[in-house]
Amino acid sequence: MLSLRSLRRAYGTLQAVDGVSLQVGRGEVVGLLGPNGAGKSTTVAMATGLLRPDSGEVELAGFGDPINPHARRQIGLAPQELALYSGLTATETLLFFSRLYGVATRRDQLRTALEEVGLSARGHDRVGTFSGGMKRRLNLAVALIHSPSLLVLDEPTAGVDPQSRAHVREIIRSRATAGCAVLVTTHDMEEAEKVCDMIAVMDHGVILAHGTLSQLVAAHGSKAGAASRGLEDVLLNLTGRSLRE
Amino acid sequence: MIQQVIAIATKDLRLLVRDRGALFFTVFFPVVIAILFGMVFGKMSTPNPFEVVVVVEEPGPLANSFATALRGDSALVVESAPNRESAIDAVRKKRVAAAIIFPVGFDARAETIFSGGSMPIDCVGDPSRAAEIGLLQGKLMEIGFRQLMLVVSDRDRLMRPMGEMRNQIEGNRQMSDSERTAVLKILAGVQELSGAKKGEEQGSNAIGGATAAFEFRPVSIRAEMMTSGEIEPPSSYAVTFPQGVVWGLAGCVMAFVTTFVGERAQGTMTRLRAAPISMQIILVGKALGCVVSSLVMQALLLTLAWSVFGVRPLDPWTLLLAMSIVSIVFTALAMMIAALFESSGAAEGAGRALVIVLAIVGGGSIPLVFMPPLLRTISVASPFRWAISAIEGPLWRGGSIAEQFAAMGSIAIVGVVCASIAIVAVAVRRRGS
C-alpha cells in the first residue's frame, strides 16, 4: 500500500533521513522504532505528503505521491501532538475533519466513530474538558473518520493510561484486520511487540534492521537467551546506550 | 473545495464565539469604547492647535488685515485657500477644522457698523468639532473688535457714515429738538476725536475703551457645519462608533492571529495540511472566518449606533461596501502578522503590540483631530486611520462618490501591501523549512 524508496531529507547540514526504504502492505502493521532524533517523524512527514523528500520516492498504491491531495485522501494521520481544538466538542471535531476530507458524515456514523474510541457518552462535551487518554482516543478517531486505506500513527499511546493504551491497540489491530495498512512510530517496545507485524529499527536517518519480532530478536537480540528482554535489547544493541538529545 | 473553505471558516467562528476573551475584545470592548468616548467627546474642549483655512474673496485693507490677524493668532494654525470651494473641500476632507471666508463686500460693509450693520464672515466647520467651532466664533468676534482700530483710524471711512447719520438726524422730524441736539453733540465729539487722531498712532487701549462704549457686533458670523446632504452628524457617537469599530477590528485581527498561530502551536496545522486540501484552501478558509467575524462585528456596532444612538448611515450600501473592504484589508493585516511571527508567543505579544499601536496612532483612542500634527502625519501609515475614513464617509460625513472611493482605495492599497508581505514571509519560511 505504501512504498518508500531511498528517501533522503536534510535540514541544513543535518541529514535527518538518509536513504530509507520501507513497504507497508494492506492489512499489515509496520512499526518504526528508534531513539529520539532517529528520523522517524521526518519519515512519517514524507510518507504523508507533509514534507517533500530531497530525493527518493513515496508512493501510495494506485494513488501516487501523497504530496497530491487526491492521494492524501487515503491517509489517516494521528500526529504525536494532540492535534485537536479544545473549543470544539468531540462530535464537532469529527464533523469538521470529515468535511475536510470531503466525506458526508451522517449523525449515526459520527456516533459509531465515537463508540469505536469509547467516547460516545462524551460526544457533546468540549475537547478541553477531556483527559489525556480521551484526547488521545479522539486524536485516533479523527484519523479514522474518513476510513483511510493507510493509517499513520505517530506515538499513538504516548502518555495514556493502560486502559486507553489497550483500547487503542485493539483499534489498530481491528483496522489492520479490515485491510488497512498501518505505519506506527513508537518508543513503547511492548506496543510494538503486541501490535506490529513488521518492525523497522531506525537511527541517524537510516533503517538499521527490518523484520518480524522473532527475526529481529534472533538476529540482534541479547545472547542471554531466555533472559533476553526482547525488542528492547534489539533496539539497544542496534542503537547503543548513549543518551540522545 | 467550497465545502472545505466553509468548514474551516465555520470552525474558526465557532471557536471565536466560544473564546470569551476573544469575544470580549472583538465585540464588547469596542462597544464600551464607542459609548465611553461618545460621552467624553460630547463634552470635549478645544484641542491644540486648531487648523483653519482662510479665503479672502475680495481683497481689501480690512479683509487682509483680518486674515493677517488670524495668521498671527497662536491658538490657530492658518492656511490659505484660493476660493470658497477649495476651502470647504479641505474641511470635508478633514484637513482642517473650519473654513473662514471673508466674502465679497466685506470691506464695504465696514461703513455700516455704526448704523446697525456688521462685517460678514462665513464659517464652515467640521461637525465632529462642533464645540471648537463655537470657540472659533468667539475668537473671530474678538479679532473683529480689534480690527475696529482700522475702521476708526480711517477718518474718511469713519466720516462718511457719520455725515450720513448727521443728515438723517437733522432731517428727522420725530425727534425733539433737545434729543436732536444731544445726539448731534455726540456725533460732533466723535468727529472731533477722529480728526484729532488722524495721522497719530492710536493705542489699543483707547480703541478698547471706544469700542466698549458701543454695544454692537463688528462682525456677523454665518456659521454652518460641513455636512453632506444637509444632514447634521447625529451626535458624538457618529465619531466614536467608527473608533469602536477600530478596536473591534483589532480584536478580530488578534483573534485570527491567535487561531492561525495556534494551529501551528497545537499541531492542528499539521492535521489540516495532511488533509486533501491545498495550503491556499486552508488560508482562504481561515481568511473567510476573519472577514465574516470583522463584518459581523462592524454590523453589530453600527446597528447599535443607529438603533440606540441615532447614527443613521447616509448611504447604507456604500457603507456596506466600505465595511466589506475594511474586513478584507484587516484580514490581510492579520495574515501578515501571523506570517511574520512564527511562535505563538511572538505573534500574540508583538502582534498585539503592533495592532494596539497602529490602532491608537490611527485614531482608535484619540480622534485624529485631537492629535498633534506629527502624530497625525504618522497616522497615514496606520490602516486603522483609513478604516475610519472609509466608514465615516458613508456613515455621516458624506462627500462625493469619488472621494469615498478614494478612501476605500487607500485602505485597499494598505491591504495589498499587507497581503504581499504575508505572501513573501510565507514563501521565505517554506523555502527555509
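User: How many bridges join strand 4 of chain B to strand 5 of chain B?

Analyst: This is a predicted model, in which local features need pLDDT of at least 70, side-chain atom pairs count only at pLDDT 80 or more, and totals for chains, interfaces and linings use all residues. Residues are numbered from 1 along each chain as its sequence is written, with chains lettered from A and ligands numbered from 1 in the order in which they are written. Strands (E, at least two residues) and helices (H or I, at least four) are DSSP runs numbered from the N terminus, and two strands pair if DSSP finds at least two bridges between them. Strand 4 (residues 119-125) of chain B runs parallel to strand 5 of chain B, and the bridges joining them number seven.

User: Which strands are the edge strands of the sheet in chain B?

Analyst: The open sheet has five strands in the order 2-1-3-4-5, with mixed pairing. The strands that pair on one side only are strand 2 (76-80) and strand 5 (219-225) of chain B.

User: Are helix 9 of chain B and helix 15 of chain B parallel, antiparallel, perpendicular or oblique to each other?

Analyst: Axes are lines fitted to C-alpha atoms, for helices over the stretch in contact, and angles run from 0 to 180 degrees between N-to-C directions. Helix 9 (residues 237-266) and helix 15 (residues 383-397) of chain B pack at about 140°, with their axes 9 Å apart. Angles under 35 degrees count as roughly parallel, over 145 as roughly antiparallel, 65 to 115 as roughly perpendicular and the rest as oblique. Helix 9 and helix 15 of chain B are therefore oblique.

User: Is L100(A) buried or exposed?

Analyst: L100(A) lies in helix 3 of chain A. A residue is buried if 20 or more other C-beta atoms, placed from the backbone, lie within 10 Å of its own, exposed if 12 or fewer, and partly exposed in between. Because 26 other C-beta atoms lie within 10 Å, L100(A) is buried.

User: Which residues does L100(A) contact, leaving aside its neighbours within four places in sequence?

Analyst: Two residues are in contact if their C-beta atoms, placed from the backbone, lie within 7 Å. With those neighbours left aside, the contacts of L100(A) are Q4(B), A7(B), A275(B) and I277(B).

User: How many residues does the contact take from chain A and from chain B?

Analyst: On the side of chain A that touches chain B, helix 2 (69-72), strand 5 (75-78) and helix 3 (90-100) of chain A each supply at least two residues. The contact takes 20 residues from chain A and 19 residues from chain B.
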